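Let's take a walk through this two-chain model together. Have the sequence and the coordinates open as you read.

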Amino acid sequence: MSSTALATPRMRPAKKGLGGRVNTLPLVAPSVVLLLVFSLVPLAMTLWFSFRRYNLLNPAIHGFAGIANYKYLLLDPGLYQSLLISVLLVGEVLILTICLGAVLAALFEHPFWGRGVARVLMIAPFFVMPTVSALIWKNLLMHPVNGLIAWICRSLGLPVIDFFGNWPLSSIVIIVAWQWLPFAFLILLTALQSLDESTLEAARLDGAGPISTFFYIQVPHMSRSITVVVMMETIFLLGIFAEIYVTTSGGPGVATTNLTFLIYQRALLAFNVGSASAAGVIAIILANIMAAFLVRTVASRLDV
Amino acid sequence: MSTRARTPVLPGVLAWIAALLMFFPIAWMVLASFKTEVMAIATPPAFIFPPTLENYQEVFERADYLAFALNSVVISVAATVLGLLLAVPAAFAMAFYPTPRTRGTLLWMLSTKMLPPVGVLVPIYLIAKSTDLLDSRTALVIMYTLMNLPIAVWMLFTFFKETPKDIIEASRIDGASVWQAIRVVLLPLVGPGIASTALLSIILCWNEAFWSLNLTAHNAAPLTAFIASFSAPEGLFWAKLSAASTMAIAPILVFGWISQRQLVRGLTFGAVK
């Protein structure tokens, strides 16, 4: 409204409208150049190191290693174990968050008493820093002696679950799923809210119940958003680090060492730069496969 | 009218149960922060108890909590301001003056975000080490600025795209100068978009826990790293952990709740609207 004040004509001849030709290079270039340097230089260094003999603990050993780092890495069962852990972690969290997220989005789509507050509570876990959520779950809730879940189990006469002792990976999956369920929920809720009301009305008039409405109308409508959730979560979940760092440190044994944690161990605990870089290259290749799909999906929606 | 009468109660009840379950770990943590250490590990757990503030007091006194909190604030704010200084002009140019290269540039920026941090852990660590930036706020500010730059550009771009260009053209025809048009017409329109981009950036910086754990030791460590130090068995004081955690997440919870609507847009690069 206040912009009408501007309408007082000053009659200065407008040279070029906003749609005119303007040199935008100085506006865009800083971001592009910085991102280019930031992505290319470390990438090139990782590639370079992966072909070098390089251990920070022993500076005497250096030189060209050829494909020795890759050979050593690809013959190491630890690599395949860590890849399996990464895939299990990502896959299980994806299944949990998307199934629960879709059902919850359908529940929150109907108006009910206090919906705004309930939604705020629902998405809160997403804003909790990873180190806090991991430690709170590990100690206050999942601790086999003093934890709340152990007490509930004992009170109900059920056997106590030693979460991190017997089910280390599943415990981490639960924590990570708790953090990421709000993300899936919010995106799927946004998708459902864009569903035309008349479609639902038509389904209801045709006698469809809530279950068949969910599976035959709402889920297909969400399919595109589900793809986006799968891709975004995959990219973030492949990098899960802090939750493992503060709860299990990759153990017991290597039971929770995903690829990210393996590289961290090689690089900053064993100081084997060459081997860590070779593993880093593998991580980059894997992430790029997922990224290619994501970029294509986003591109199809982008109208410039 | 009939649809209203038939609105079922069950979905609402289920939704509330789910919401309370999801929030419970946070509530339980806040509750534990007001217990004594003995009470915090007691079985059966105490639900009703005389609250104490001694954990908050002790965290403040013993653990240099304020130094860590200050690191978090300085790093998040600096990275956000720097990021906006870079992203606003870029997004503005791409939204209002698109060129044949714009589409490619945007998608390329998105693709840089897909680079897994761990893939460049070694070089970044070695660069920081050789430039004496290990355990410095500067290193984290640089990392976070660049890490969030693609998200900020995309988010601002989608906001700027929705701004009607006609209004600005009209104000120009009415005689406003370019700067007047930007200041009086454009800024009030895109201000909310810039604000929510800033909020999202602060949230992401505040909670980042890969670079903060790997590039800092003590001097520049933000709250994420401080909380991680509670994972050592000898440091396991549940009530104090809860108090420190509660303080660490409280401001960000508020920011998150404010920006929840824009969150989807920012984190999906406009693929879901």
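In which loop of chain B is the place of Thr52(B)? Thr52(B) sits in the loop between H3 and helix H4 (54-62) of chain B, where helices (H or I, at least four residues) are DSSP runs numbered from the N terminus. Before going further, please note that this is a predicted model, in which local features need pLDDT of at least 70, side-chain atom pairs count only at pLDDT 80 or more, and totals for chains, interfaces and linings use all residues. Residues are numbered from 1 along each chain as its sequence is written, chains are lettered from A and ligands numbered from 1 in the order in which they are written, and side-chain values use heavy atoms, with hydrogens and water left out.

Thr52(B) is buried, with a relative accessible area of 15%; buried means under 20% relative accessible area, with a 1.4 Å probe and protein chains only. A polar atom of the Thr52(B) side chain lies 3.0 Å from the backbone nitrogen of Glu54(B). Leaving aside residues up to four places away in sequence, Thr52(B) touches Ser33(B), Phe34(B), Lys35(B) and Thr36(B), contact being heavy atoms within 4.5 Å.

**Two domains in chain B**

Chain B splits into domain 1 (2-53) and domain 2 (55-267), with bounds that come from an automatic or database domain assignment. Taken over C-alpha atoms, the centres of domain 1 and domain 2 of chain B are 31 Å apart. Met29(B), Glu37(B) and Leu53(B) supply 49% of the area that domain 1 buries against domain 2, more than any other three residues. Buried area is the accessible area (1.4 Å probe) that two parts lose on being put together, summed over both.

Glu37(B) also forms a salt bridge with Lys240(B), the closest N and O atoms being 3.1 Å apart. The term stands for a side-chain nitrogen of Lys or Arg within 4 Å of a carboxyl oxygen of Asp or Glu. On the domain 1 side that touches domain 2, helix H2 (10-33) and helix H3 (37-40) of chain B are the elements that give two or more residues, and H2(B) gives the most, with 6 residues.

**The interfaces compared**

Polar contacts in the table are pairs of N or O atoms within 3.5 Å; within protein, one must be able to donate a hydrogen and the other to accept it, and residues adjacent in sequence count only if both atoms are side-chain atoms.

| Interface | Buried area | Salt bridges | Residue pairs in polar contact (both at pLDDT 80 or more) |
|---|---|---|---|
| Domain 1 and domain 2 of chain B | about 1000 Å² | 1 salt bridge | 9 residue pairs |
| Chain B and chain A | about 9800 Å² | 0 salt bridges | 10 residue pairs |

Between the chains, H2(B) gives the largest share of the chain B side that touches chain A, 16 residues. The contact takes 113 residues from chain B and 108 residues from chain A. Carbon and sulfur atoms give 78% of the area buried between the chains.

**The end helix**

Why is helix H14 (residues 260-267) of chain B described as largely enclosed by the rest of the structure? The reason is that 6 of its 8 residues are buried, including Leu263(B), Val264(B) and Leu267(B). The buried residues of H14(B) pack against helices of both chains, among them helix H4 (115-123) of chain A and helix H13 (238-258) of chain B. H14(B) is followed by Phe269(B), whose phi is positive, near 55°.

Technical notes: Buried means under 20% relative accessible area, exposed over 50%, partly exposed in between (1.4 Å probe, protein chains only).
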